[in-house]
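Biologist: Please bring up the structure, and let us discuss its architecture in detail.

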Amino acid sequence: MADKVVIRAEDVGKHFGKLHALRGINLEVNRGEIFGLIGPDGAGKTTLFRLITTLLTPDSGSLTVLGLDVVTQYRELRRQIGYMPGRFSLYHDLTVEENLNFYATVFGTTVKENYTLIADIYSHIEPFRRRPAGKLSGGMKQKLALSCALIHRPALLVLDEPTTGVDAVSRVEFWELLRGLREHGITTVVSTPYMDEAMRCDRVALIQSGQLLSIDTPTAIMEGFTGKLYSVRAEENYSLIMALRANPHVHTAHPFGSSVHVTFNTEGYHATLPQYLHEKGIENVTIEPISPGIEDRFLELMEREP
Amino acid sequence: MRTVLYLIRKEFKQIFRDVFLGKAIIAIPIVQLLIFVPAVTLEIKRVNLCIIDRDMTSYSRGLLEGIQASGVFRIKQLTLAEDEAYSLLNSNKSDMVIHIPLGFGKDIGRGNPVKIMVSVNAINAMSAQLSWVYLNGIISGMNMDIALENIGSLLPTNLKQVDVTHRIWYNEMLNYKHFMLPGILTILITVIGMILGGINLVKEKEIGTIEQINVTPIKKHQFIIAKMLPFLAISLMDLAFGLVLGRIFFKMPFVGSIGLLFLSATLFLIAILGLTLLISIYSHSQQQFLFVAFFFLIIFILMGGIFTPTDSMPLWAKRINLFNPMVYQMRITRMVMLKGSGLIDIGKDLLALLTIGITLSVLAVRGYRKAV
């Protein structure tokens, strides 16, 4: 465990029948970091996690986790991984306490032994410890699942879209908890479809159609954005996007909430844009240069890869 | 070992926390035994007859008296019109038409061979056959009387004949309840084990808990054992329960060793649960599981010998039955309960159950990793 690298993937591939779920994945995750895997639904996030957690075996390439081969040493590896699948998958008919005890026993440990590790998380749900897990709210279910994934003090925590379907307050709270875990020396690999959460990771990998587009710190990824980005607002968003996309000078136009993020093919065209939009019957247009976010960079990378 | 015990404890907790399941496990055997055992019977009672007596002599009346005295038949209609008789047969109001032709008595008196015509409604082949056998018995009795009468007038010596006496063993009263109960008990424990055990595993898949289990260090065989034992225990408990009920309500005898019956039931249930887990491992939903489970269940039950003796099945069916655990268990249960068979008598059957059980369980353990 002297090795700094916790997960090392070399040219890993996985296919289901004719579908290539993952292709040529090269990846290194370092000890103690929060590593984010960002990508749209169906990009291959869950498949990669299922390979890391030994639920699937890779078809090609080599994958070592915590210095152990996922194919030959899976048994040893499973003792050291905590996995939280995307879907809440604890026993609905067992109580909070019983679920926690169950996973502790299955890993040959006790709740008492590792209580310090989960105290911060479990204290939120402890008042409900006699309630069946199926009757908890979304945020509490997630905290229970995290407690269960941590109860055997794993060296690596794998969280598959832990915040999907959880309210905004609980999401923020959850990320605070993950930061707290870093102090216990636990490496965390987390996937999310939310770009704002990517910023909370130490490093992120962008994944699209089973291929990694970029791996870096969130800041470095944002800085990789090549063009100049403008935010365009108008009264009616839909016709605005349609008009922008019809303009040959416009390179990209992506909706971001109430505004549209635009890049141009022609330098300086942004000055003439209001005129063009006016001709199209779109009024009250505001245009301002903005600094790109991680999502802008991601969309840029996605467009480059066909 | 500690892990397996803990897993089993978890299963029991879940089963008995389910208010409905907890009750159903007790209620189902009571209801099934109390309804099925008295209801399912092969005894033929009250076969409705329609008689066309064209003869009207003392001989024909003698025959009818004999038929009526048997208690099996009931003369519902006496007629001279064939049309009426056959329309009764057609409308299921009568099960059998006996046509006694004109000259029946006269011919007997002269010593000529006589014929009567019997038409049987064989919609239910089994009851048709049985009533036919009863009727034959009555007629051959009458034949004997006629023969004695004729011979007696000529030679007043004893008639030389083979006199058949019979005694029915192991179920002296030919009590169908005592024949059916062991069979129904066998079906009952099969259904309970199969449905409870199979749905349980598929449910873990549907909810997704199996994902979580799979990343733990639980070993394949530990998981399968923990999925098997609770349902084995519940089924055995229901077997014990059913035996007590049978004793109380149907005065079911138990000649053999209870321990031996439970040994064989354990082997049998390992086979059934092995198959159950094998099916559920490859099923993605409860529907899929139930569909396949019923396929096997129906084959097992209908070919298992609850109604029809397996010995009289065609050869290919007997070959299939070599792999049907229910055949062995049904036979063992009846032999142990009614006949008091010992380990040596049922040894071969036990060995067969053990082989099927081990094979299916090993397949389930091996299939588990591949399919989940």
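Predicted model: local features only at pLDDT ≥ 70, side-chain atom pairs only at ≥ 80, totals over all residues.

Biologist: How far apart are the end C-alpha atoms of helix α6 of chain A?

Modeller: Helix α6 covers residues 168–182 of chain A, which is 15 residues. At 1.5 Å a residue the helix should span 21 Å, and the model agrees with this, because the end C-alpha atoms are separated by 22 Å.

Biologist: Is Ala145(A) buried or exposed?

Modeller: Ala145(A) is placed in helix α5 of chain A. There are 25 other C-beta atoms within 10 Å of Ala145(A). A residue counts as buried at 20 or more such atoms, and therefore Ala145(A) is buried.

Biologist: Which residues are in contact with Ala145(A), leaving aside its neighbours within four places in sequence?

Modeller: Trp175(A) is 30 residues from Ala145(A) along the chain, and their C-alpha atoms are separated by 14 Å. With neighbours within four places in sequence left aside, the contacts of Ala145(A) are Met84(A), Phe88(A) and Leu90(A).

**Nonpolar cores**

Biologist: Which residues touch the most other members of the largest nonpolar core?

Modeller: The largest nonpolar core contains 74 residues. One of its members, Val158(A), touches Phe49(A), Ile52(A), Thr53(A), Ile81(A), Gly82(A), Tyr83(A) and Val189(A), not counting residues up to four places away in sequence. Within the core, the residues that touch the most other members are Val65(A), Val158(A) and Val189(A).

Biologist: How many residues form the second, separate core?

Modeller: Val37(B), Met252(B), Phe300(B) and Val327(B) are among the members of this second core.

**Domains and chain A as a whole**

Biologist: How many helices and strands does chain A have?

Modeller: The C-alpha atoms of chain A fill a box of roughly 70 × 45 × 35 Å along the principal axes. Of its 306 residues, 42% count as buried. Among contacts in chain A between residues at least 6 apart in sequence, 70% join residues at least 24 apart. The secondary structure of chain A comprises 11 helices and 14 strands.

Biologist: Which elements give two or more residues to the side of domain 1 of chain A that touches domain 2 of chain A?

Modeller: The domain assignment places domain 1 of chain A at 5–218 and domain 2 at 229–304, and the centres of the two, taken over C-alpha atoms, are 37 Å apart. Their contact takes 9 residues from domain 1 and 6 residues from domain 2. By class, the domain 1 side has 7 nonpolar, 2 polar and no charged residues. The elements that give two or more residues to that side are α7 (195–198), β9 (203–208) and β10 (211–216) of chain A.

Biologist: What distance separates the centres of domain 1 of chain B and domain 2 of chain B?

Modeller: In chain B, domain 1 consists of 2–40 + 173–371, and domain 2 consists of 47–154. Taken over C-alpha atoms, the separation of their centres is 48 Å.

Biologist: Which element gives the largest share of the side of chain A that touches chain B?

Modeller: The contact takes 20 residues from chain A and 17 residues from chain B. On the chain A side, α2 (74–78), β6 (81–84) and α3 (96–106) give two or more residues. That side divides into 10 nonpolar, 5 polar and 5 charged residues. Its largest share, 3 residues, comes from α3(A).

**A backbone detail**

Biologist: What is the phi of Asn284(A)?

Modeller: Asn284(A) lies in the loop between α10 (273–279) and β14 (286–290) of chain A, and is exposed, with 10 other C-beta atoms within 10 Å. Most residues other than glycine have a negative phi. Asn284(A) is not a glycine, yet its phi is positive, at about 55°.

Note on methods
Residues numbered from 1 in each chain as written. Chains lettered and ligands numbered in written order. Domains from an automatic or database assignment. Contact = placed C-beta atoms within 7 Å. Helix = DSSP H or I, 4+ residues; strand = E, 2+ residues; numbered from the N terminus. Nonpolar A, V, L, I, M, F, W, Y, C, P; charged D, E, K, R; others polar. Core = buried A, V, L, I, M, F, W, Y, C linked by C-beta atoms within 7 Å. Buried ≥ 20, exposed ≤ 12 C-beta atoms within 10 Å, placed from the backbone. Expected span 1.5 Å × (residues − 1).
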